[in-house]
Amino acid sequence: MPAGELRYPSPVSSPPPSQATETPVVVGEDEAWVWAHIKAEARRDAELEPALASYLHSTILSHYSLERSLSFHLGNKLCSSTLPSTLLYDLFLNTFSSDPSLRAAAVADLHAARFRDPACVSFSHCLLNHKGFLACQAHRVAHKLWNQSRRPLALALHSRISDVFAVDIHPAAKIGKGIFFDHATGVVIGETAVVGNNVSILHHVKLGGTGKACGDRHPKIGDGVLIGAGATILGNVKIGAGAKIGAGSVVLIDVPPRTTAVWNLARLVGGKEKPSRHEECPGESMDHTTSLISECCYKRCNIVSFDDTPTSEAWKHSSLALQAKTPMASLVSLQNTGNSLSFSSHLKSSITVKHSHALKKKVKLCFSQNPTKLNPLCTYSASNSNSSTRTYRRQGVSTHRQTAKNRPNPRRLNTDNRKENDPSHENPTFPSVTVDLMKLCKEGKVNEALDYMGQGVLADYNVFDALLDACGDMNSLESSRRVNEFLRRSKFAGDVELNNKLINVYGRCASIRDARRVFDKMRERNMASFNFIINCYAVNGKGDDGLLLFEEMREDAFQPDSETFLAVFAACASVAAVQEGVKYFELMKNVYRIAPGIEHYLGVINVFGRAGYLNEALEFIENMPIEPTMEVWEAIRGFARIHGDIDLEDHVEELLVGLDPSMRSENEHQAPPRKKLSIINMIEEKNRVSDYRCMNPFKGEGNQKLKGLNGQMREAGYVPDTRYVLHDIDQEAKEQALQYHSERLAIAYGLISTPARTPLRIIKNLRICGDCHNAIKIMSKIVGRELIVRDNKRFHHFKDGKCSCNDYW
């Protein structure tokens, strides 16, 4: 992608007309689209949080252009007794209005923060609250003043930026567009530094001089570079396009393009002669991992000098040294092999250079890492031995590479890593292990299969497909993330169908962020990709985001199909977007020439019915060109029952009986209820899924936690709604019965058995009652956690006293 190009082009909406007394400002398409979305987000936030309505009106809604809103906000942020807000507002507005490149850079920075930072929930949030974005825009104005020889004012503005935002960028420094300062605190950029386009810089990064040189003395950062937290780059060095700088690194050398530099003092991963290279643009992908771990392990493996220590003692000391100096959990155990010692690793590495050291003429250490084989990282042998040095691979590590998309089962862990010229009698033999991953998947032993894969068993396409199916059936987010990690490292990482299935699995696990991350990293997409992600937004109550993505898809020249519009109707229904639902139905028929099926009519009826527009739904049914089916009338009956329209429910009931007389006998002779009916809830913990049934409320610490929550909830204004208790008991007993609904038991146990601030995921087999819905909203605010509850209708994301369904389900 060209430097500075926006990844997500979107539909254009015209800004309000400029005042006649002012020079009109030419507004770009991206700027108009972003500003339209910022205002829409501000209106939504003002409705949801009236306490912020006045603030949002003064900073955003009262302005008719992005540069005016940004200038007003920066003026209020940076004003002081010597620099009043009115002066700063005029300064910022004149600068932004006269230079379209500054406005384009601000839009590119908004896109960068919105799509690179998972914590950035909206464009308006970035505009108002991201100090990295605000500091960067203020610096652009200071840089403009510096180039206009208004240097005293530029330095005064630079001082205020440093005081307010804790970001120190010299006014002379050149900054590209699409810049993302993550957290931004402690960032220092020197006078002659140059930062390219689409660069991501984390907190406490220093781009400084060495302290001796004069003139051009600061780093030059290429396009698409990612600089980790706490990194320091000193001197007039060049960081090539697409390079990575590891967190905490000190860089004093040039870094070639698409390479990674880590450590203190920084060295290139893979060695200076043949550094390993990556394909992605890290400044946009924000991928900090890659082969950094391998390099860190290599640098931290400090082997002790053995002197005259016997072999058994050498084994003991080296093992202790490795364990003490290497905090990486993926390093495996050492093996004592008489005169030689070896250990191997599953770490992905691109290092090919071999290093040898002699320690006091007694021990020879050899470090070797290979990009295609799992060679031992370290071996030693007595230097005075006549026998050849022996190297052994850890039992159970597979060394063969996949050569076909579908590899036959069973799979064998190849432990024979000897060269052809090695004497066979010198190498010990280990028992081979046969693992059938597909069989484990079919038996539901997903975690066991993943454990074997972690030990080196290779999975083919069919295994990944089966693993994703199993994770979707289990609704296990932890297992899904493990599968995603293995898939990302495999040769199937770019497979569209597997990534589509992964998006769907994340959506079923209520992890919208993970689903969107997979979607954004896909280099190739098809219509199913958009269908899955839009449907993911719909079922999780984020229909607005799904509709926004649909508009972006249309701008990217993708042709929606019938499945796409089903997902779009579901998104409209999740947020009661009736007008949008009707508009997209007409768009489907008249623009894309897609003949509606009964499922599309049901989708539109669902939009009307869930919003309570029952009369409009009936009118829509009357105008249908096809005869309404049983499913249509059953849907209307369900919505009439939900919204309390008894007359309509009775009328539809008669229509259904007329269509199917057998329904009358079914209604008259209902099957007797089960004697022991239990409502089941499941809560996913780190390593297991626990079941809770309302017929057996647990006691002990969980019970005390639930009682404590009930007291706090009443103080917060919770009043039990006993209408949802159908038993003929007194009021006090009804209130007590509500306390022991199974979802509350599951939440109480989750609060005492999981780390603080971690989200809880509850799966319920029945529809959540209105009282529990209100109670869990208050719980989420009290405990400060996101509580995700999936009932038989939809996902509910409770956070900060609100639910994603907006009390509409």
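Buried means under 20% relative accessible area, exposed over 50%, and partly exposed in between, with a 1.4 Å probe and protein chains only. These legends describe a predicted model, where local features need pLDDT of at least 70 and side-chain atom pairs count only at pLDDT 80 or more, while totals for chains, interfaces and linings use all residues. Residues are numbered from 1 along each chain as its sequence is written, and side-chain values use heavy atoms, with hydrogens and water left out.

View A. The structure holds 0 disulfides (pairs of cysteine sulfur atoms within 2.5 Å). Take Cys 120 to begin with: at 2% relative accessibility, this residue counts as buried. The closest cysteine sulfur to that of Cys 120 belongs to Cys 126 and is 4.7 Å away, too far for a bond. Cys 471 is in no disulfide either, and the nearest cysteine sulfur, in Cys 509, is 7.3 Å away. Cys 471 also counts as buried, at 0% relative accessibility.

**View B. The largest nonpolar core.** A nonpolar core is a set of buried Ala, Val, Leu, Ile, Met, Phe, Trp, Tyr and Cys residues joined through side-chain atoms within 4.5 Å. The largest one has 80 residues, and Leu 437, Phe 464, Leu 467 and Tyr 584 touch the most other members. Helix α14 (residues 461–474) gives the most to this core, with 8 residues; helices (H or I, at least four residues) and strands (E, at least two) are DSSP runs, numbered from the N terminus. At least three residues come from each of domain 3 (435–499) and domain 4 (525–659), with bounds from an automatic or database domain assignment.

**View C. Around Tyr 584.** Leaving aside residues up to four places away in sequence, Tyr 584 touches Leu 547, Phe 550, Glu 551, Phe 565, Val 568, Phe 569 and Cys 572. Contact here means heavy atoms within 4.5 Å.

**View D. Helix α17 under cover.** Of the 10 residues in helix α17 (residues 512–521), 7 are buried. They are Ile 512, Asp 514, Ala 515, Arg 516, Val 518, Phe 519 and Asp 520. What do the buried residues of α17 pack against? Their neighbours include α5 (100–116), α16 (496–508) and β27 (795–799).

**View E. An open sheet.** The 4 strands follow the order β2-β5-β8-β11, with parallel pairing; two strands pair if DSSP finds at least two bridges between them. Strands β2 (174–175) and β11 (238–239) stand at the edges with a single partner strand each, so one side of each has no neighbour in the sheet. Strand β8 (residues 220–221) is joined to β11 by 2 bridges, and Lys 220 has Lys 238 as its bridge partner in β11.
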